[in-house]
Amino acid sequence: MAKSLRSKWKRKCRAIKRERYAVKELDRLKKTLGIDDNVSKDIEMTEITEIATVVDAKKVKEDVKAKQVKDAKSTTVSGEEQMEVEGARIYNKKTLRDQYGNYPVWMNHRKIIKHKKGRARTKKTGKADKRLTRRQKKMIQKNK
């Protein structure tokens with residue numbers, strides 16, 4: 001389809017625009033990162049340390065674990081626990097159903113049917129459909 005003169009011309013113009021915009025985007029990126037050679041270096045990066053602090057992910061995770069341990073200890077000591085919210089639904093990620101066996105409200109009927117079919121395929125019964133031979137029956141009776 002797209003072989004007409006007009007589409008070829010439009011494609012050529014878009015390629016030229018892409019080149020022009022790529023140069024502009026690269027300049028803007030360098031300017032924001034502060035690695036542009038043409039711009040003067042009068043901006044000091046020390047101001048950023050006043051605004052934000054840089055922290056490692058490991059340190060953040062350790063702090064979160066420490067808070068959880070502290071909260072767990074404080075609840076056991078004082079005897080107070082977090083209030084359980086009534087009506088809060090806990091959904092299983094695999095079955096997508098809550099503790100009562102209901103699907104989420106946002107899930108439409110077609111998707112529920114499709115999901116049920118998929119679960120039926122994965123839940124194969126296996127050897128129950130297969131008939132046993134005389135030898136297999138004897139082995140089962142010997143084991144009992």
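**A loop, a salt bridge and a patch**

Buried would need under 20%, and exposed would need over 50%. Where is Leu96 found? Look in the loop between α3 and α4. Leu96 has a positive phi, about 60 degrees, and yet it is not a glycine. Most residues other than glycine have a negative phi.

Now step back. This is a predicted model, so confidence comes next. The average pLDDT for the protein is 81. At least 70 is the score for 76% of the residues. Which element has the lowest mean pLDDT, and which the highest? The lowest is helix α2, residues 46-51, with a mean of 67. The highest is α1, with 92. Keep one caution in mind. Where pLDDT is low, the predicted coordinates should not be read in detail.

On to the overall layout. How many helices and strands does the protein have? Five helices, zero strands. Read from the N terminus, the order is α-α-α-α-α. The protein has 144 residues, and 6% of them count as buried. Take the contacts in the protein with a separation of 6 or more: residues 24 or more positions apart account for 3% of those. The accessible surface comes to about 15,400 Å². Carbon and sulfur atoms hold 55% of that surface.

Back to the loop, please. Find Asp98, which lies between α3 (57-78) and α4 (109-122). Is Asp98 buried or exposed? Asp98 is buried, because its relative accessibility is 7% and the cut-off for buried is under 20%.

What does Asp98 touch? Set aside its neighbours within four places in sequence. Then Asp98 is in contact with Arg89, Ile90 and Tyr91. Arg89 is the one to zoom in on. The side chains of Asp98 and Arg89 are joined by a polar contact of 2.6 Å. The pair also forms a salt bridge, with the closest N and O atoms 2.6 Å apart. How many salt bridges are counted? The count comes to one. Compare the two partners. Arg89 has 43% relative accessibility, so Arg89 counts as partly exposed. Asp98, at 7%, counts as buried.

Last stop: the surface. Which residues form the nonpolar patch? They are Leu26, Leu29, Leu33 and Ile35. Together they have about 400 Å² of accessible area. Pick out Leu33 from that group. Leu33 sits in helix α1, residues 5-33. With 56% relative accessibility, Leu33 counts as exposed, because the cut-off for exposed is over 50%. And α1, you'll recall, is the element with the highest mean pLDDT.

To recap: five helices, a salt bridge between Arg89 and Asp98, and a nonpolar patch on the surface. That's my tour. Over to you.

Technical notes. Residues are numbered from 1 along each chain as its sequence is written. This is a predicted model: local features need pLDDT of at least 70, side-chain atom pairs count only at pLDDT 80 or more; totals for chains, interfaces and linings use all residues. Side-chain values use heavy atoms; hydrogens and water are left out. Helices (H or I, at least four residues) and strands (E, at least two) are DSSP runs, numbered from the N terminus. A polar contact is a pair of N or O atoms within 3.5 Å; within protein, one must be able to donate a hydrogen and the other to accept it, and residues adjacent in sequence count only if both atoms are side-chain atoms. Contact means heavy atoms within 4.5 Å. Buried means under 20% relative accessible area, exposed over 50%, partly exposed in between (1.4 Å probe, protein chains only). Accessible areas come from the Shrake-Rupley method with a 1.4 Å probe; for residues, only the protein chains shown count as cover. A salt bridge is a side-chain nitrogen of Lys or Arg within 4 Å of a carboxyl oxygen of Asp or Glu. Patches are made of residues with over 30% relative accessible area and no salt bridge: like charges are joined within 9 Å, nonpolar side chains (Val, Leu, Ile, Met, Phe, Trp, Tyr) within 5 Å. pLDDT is the predictor's confidence in each residue, from 0 to 100.
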